[in-house]
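Hi,

Here is the structure I promised to pass on. Have a look at it first, then read my notes below.

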Amino acid sequence: MKIKRRDFVRLAGTGCLTLLAGDVIAKEGVGPSEWENAYGVLVDTTVCVGCRQCEWACKKTNFDPNADKADFEDKSVFKKHRRPDELSYTVVNEYHDPAKPEAVYTMKVQCMHCNEPACVSGCIVGALEKTKDGPVIYDAWKCIGCRYCIVACPFQIPAYEYDNALTPQIRKCTLCFNRLKEGKKPACVEACPTEALIFGARGKLLGLAHSKIKTHPDRYKNHIYGEHEIGGTSWLYLTTVDFKNTELPELPSYSIPPKTEKIQHGIFKWFIPPIAFYGLLGLIMYSKENNKNKQKVEK
Amino acid sequence: MNSHEIPVPIKAKFFTPGTTILFAIMVVGFIALAFRFLFGLGPVTNLTNGYGWGIWIAIDVSCGVALAAGGFTTAALVYIFHKEKYHLVIRPALLTAMLGYTFVAIGVVTDLGRYYNIWHVMLPSMWQGNSALFEVGMCVMTYLTVLYIEFIPIAVERFKGKVNLPSLISFLNKIIEFFINIADKTLCRVTFLFIIAGVVLSCLHQSSLGTLMLLTPTKMHPLWYTPISPLLFLVSAIAVGFPMVIFESILASRSFKLKPELDVLSSIARYTPFILGFYLALKVGDICIREVLPYAFDLSTESIFFLIELIFGVVIPLIILSTKKYRNSVGGLFTGAILVILGVVLNRINFFLVAYQPLYQEKAYFPTIWEMLVTAGFICTLVLLYRVFVMIFPVVSVPGKGDAEQLVEMKNV
């Protein structure tokens, strides 16, 4: 995935949007501190061995308690690029470094649990919610199935049960919200045999990641993916190779939803603009009618 | 002068070769619709986890809303700015808007996975004021109600003192007559409140449709991803309002073998070049200011769609409708109007489908035959319903007795 000029211009477009909304990117370069104590997971891809235990644990927890371990030991699945979908909240993919074609890296992907998620901002009935603990969770009972979250997500994560005719749901990683409530770690983290997945408070994880980069500058790229991307995410990634070579998309370092929300809230500020517009039209209507009547009297 | 026109129910044969074809497409469309509700979106559509929205949102909903703009633009022109000579286009435009928005609502229900939850949007506990889609939903629902209320006076005019149900339920006659009288005495006098509300609501949600995709900058093509997209949506909706009225009026007069109201239509078409010109200036200015002009000429699929949209949908109709010779001929008017309409339709398709590029999908979205049949079925049903309505209610004006000035006073709210 190379950066194209087009991508750059797209980002420039959001910049314009920011200006229009009268907002200065104040937080650029600084992770929003309000999420310091929320839960997150740090993925150290340099120790990931691609064993797919996280996939198995996720399947057992969220879909099928009897999922067969043997189904997840097959590494030939790496030949094909897979994406999380309505039947699996997480998948492990293989990627290569163009500089070292013989080296093979693996990485798990799932919902990033953005600090300011586009899916939550777009959801028409509030069926998606960013909890203050970190997880972005979904309430199927509220959902009307409009799929705006699918359109909005910058990571292309929400999956939809298209084959369900009557009660289709949006399916995506919940950061094991229910297990967190019981004081447990997310299932994938618990299953990881190599500490490629580290669970904890986002602020602490960022500190850990920074110290890892500092101690092993040769091992890690000096970039924690998710620290600033799209305003920060609960999941954070460390890699050896440039993120352009992974499937994680290149994103601006500020969140988008506040910009569109500003337009919405501007139009509806205490309902003054619509009411003023109503009044103005009423006034025009009244004065034109008066004119007409006067003309008639003169005739 | 058009001073001898009065709206009456049209007497005509319902089934002609044309309407029979429409009827057949409608039946096939409803079969496809039944498949969608029986088997779900998966087997019937080409939607994926990459492409969440297809033609049911891009055409049925967003084009439906845009093409129903004739309702609020003519209402503003006649009732608010008191240009009474256009009075005879008001009712056809209102009927189009009413039926158009009804089918927008049906289109939304078709596309929603959990359609039976649509009422959740109205529950204050689930209101989500951050969502542009929420605003669109609320405004469309309210505006649809307003449109039905605006239509009540027409129904009252048709049935006042004429309610005559079959003997089996004839006891209802008096009750219905009672309600019609109440409506006549109260509602018809406060219609102006609803007319202004209709214009305000329209401006709000026409523009908010353009806000929808601003939430996803990284998936949108730079030619369409612009912060002024809500404004472009509003201006293009206003621009397509009168051409839609012209298009329908000419089509209806052909179908019912009436003389087209050429002087009124050419006169109303004078406004369109100004709005189109303003739209063109906004669009070109935006492209230049954001420095994305090279994308318009890089001959990618997107650039070609963009150029078609701009040249055939804006520039050419702008020239046609600002040339007096063409504007004063039925053929010129019709061509100009149809180009504006197709231009707006293409713009909406471009915005929701062509400009949208998922991150990981290799195959571009193209609708299945079922999706197309459902959309075609809805359009045919709409046209047929329009025909039914103008045959029952006094909507279309035909040469008759009565002076237009008097008529205006009679109808005036």
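To start with, is Q156(A) buried or exposed? Q156(A) counts as buried, because 23 C-beta neighbours lie inside 10 Å. The cut-offs are these: buried is 20 or more other C-beta atoms within 10 Å of a residue's own, exposed is 12 or fewer, and partly exposed is in between, with C-beta atoms placed from the backbone.

Before going on, note that this is a predicted model, where local features need pLDDT of at least 70 and side-chain atom pairs count only at pLDDT 80 or more, while totals for chains, interfaces and linings use all residues. Residues are numbered from 1 along each chain as its sequence is written, and chains are lettered from A and ligands numbered from 1 in the order in which they are written.

Back to Q156(A): you'll find it in the loop between helix 4 and strand 6 of chain A (helices, H or I with at least four residues, and strands, E with at least two, are DSSP runs numbered from the N terminus). Its phi is positive, about 55°, although it is not a glycine.

Chain B has a positive phi too: K257(B), also not a glycine, is near 55°. K257(B) sits in the loop between helix 9 (229–255) and helix 10 (262–269) of chain B. K257(B) counts as exposed, because it has 8 C-beta neighbours inside 10 Å.

Now for how the chains meet: 56 residues of chain A are in contact with 54 of chain B (contact means C-beta atoms, placed from the backbone, within 7 Å). On chain A's side, helix 9 gives the most, with 10 residues.

Cheers

Methods
Two residues are in contact if their C-beta atoms, placed from the backbone, lie within 7 Å.
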